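Welcome! Below you will find a sequence together with its 3D structure, and the report that follows walks you through them step by step.

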Amino acid sequence: MTPPIRGRSIDLVDLASFTGRERTRAQFPAVFDAVGLRLTRVIARPEPGWLAIIEGRPR
């Protein structure tokens with residue numbers, strides 16, 4: 001049995017509750033661009049299953 005990874009259940013709740021979508025790092029520049037932002041940096045946690053901080057600024 002795979003041990004639980006903290007944060008995984010929150011991901012599922014968000015995806016189910018808010019019609020969210022899990023995205024890869026490569027997809028974020030286009031998402032930010034679509035709303036007039038520029039992706040400036042991604043601060044990822046080394047542990048699997050943790051959230052990352054994704055920073056954007058106005059173009």
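In which helix do Phe-28 and Phe-32 lie, and how many residues apart are they? Both lie in helix 2 (residues 28-34), 4 residues apart, which is about one turn of the helix. Helices here are DSSP runs of H or I with at least four residues, strands are DSSP runs of E with at least two, and both are numbered from the N terminus.

Before we go on, a word on the ground rules. This is a predicted model, in which local features need pLDDT of at least 70 and side-chain atom pairs count only at pLDDT 80 or more, while totals for chains, interfaces and linings use all residues. Residues are numbered from 1 along each chain as its sequence is written, and side-chain values use heavy atoms, with hydrogens and water left out.

**The chain as a whole**

The protein chain has 2 helices and 2 strands. Starting at the N terminus, these elements follow the order α-α-β-β. How confident is the predictor? On the pLDDT scale, which gives the predictor's confidence in each residue from 0 to 100, the chain has a mean of 80, and 73% of its residues reach 70 or more. Confidence is lowest in helix 1 (residues 8-17), with a mean of 69, and highest in strand 1, at 94.

Of the 59 residues, 5% count as buried. Buried means under 20% relative accessible area, exposed means over 50%, and partly exposed is in between (1.4 Å probe, protein chains only). The chain exposes about 5200 Å², and carbon and sulfur atoms supply 59% of that area. Accessible areas come from the Shrake-Rupley method with a 1.4 Å probe, and for residues only the protein chains shown count as cover.

Let us return to the two phenylalanines. The structure holds 1 aromatic pair. The ring centres of Phe-28 and Phe-32 are 6.1 Å apart and their planes stand at 80°, so the pair is edge-to-face. For this label, rings of Phe, Tyr and Trp (its six-membered ring) pair if their centres lie within 6.5 Å; planes under 30 degrees apart count as stacked, over 60 as edge-to-face and the rest as tilted. Phe-28 is buried, at 18% relative accessibility, and Phe-32 is buried too, at 12%.

Which residues does Ile-54 touch, leaving out those up to four places away in sequence? Its partners are Phe-28, Phe-32, Leu-39, Arg-41 and Val-42, where contact means heavy atoms within 4.5 Å. Ile-54 is found in strand 2 and is partly exposed, with a relative accessible area of 30%. Ile-54 and Leu-39 are 15 residues apart in sequence, and their C-alpha atoms are 7.6 Å apart in space.

**Charged partners**

Side chains of opposite charge can pair when their charged atoms come close. A search of the whole structure finds 3 salt bridges. The term stands for a side-chain nitrogen of Lys or Arg within 4 Å of a carboxyl oxygen of Asp or Glu. Here they are:

| Salt bridge | N to O distance |
|---|---|
| Asp-33 and Arg-59 | 3.3 Å |
| Arg-41 and Glu-55 | 3.4 Å |
| Glu-55 and Arg-57 | 3.9 Å |

Asp-33 and Arg-59 form a salt bridge. Asp-33 lies in helix 2 and Arg-59 in the segment after strand 2 (53-58), so this pair ties together parts that are 26 residues apart in sequence. Asp-33 is partly exposed, at 42% relative accessibility, whereas Arg-59 is exposed, at 61%.

Arg-41 and Glu-55 also meet in a salt bridge. Arg-41 lies in strand 1 (residues 37-43) and Glu-55 in strand 2, so the pair ties together parts that are 14 residues apart in sequence. Arg-41, Glu-55 and Arg-57 are linked in a network of salt bridges. Arg-41 is partly exposed, at 44%; Glu-55 is partly exposed, at 22%; and Arg-57 is partly exposed, at 44%.

**A loop residue**

Where is Val-35? Val-35 sits in the loop between helix 2 and strand 1. It is exposed, with a relative accessible area of 61%. Val-35 and Pro-58 are 23 residues apart in sequence and 9.1 Å apart in space, C-alpha to C-alpha.
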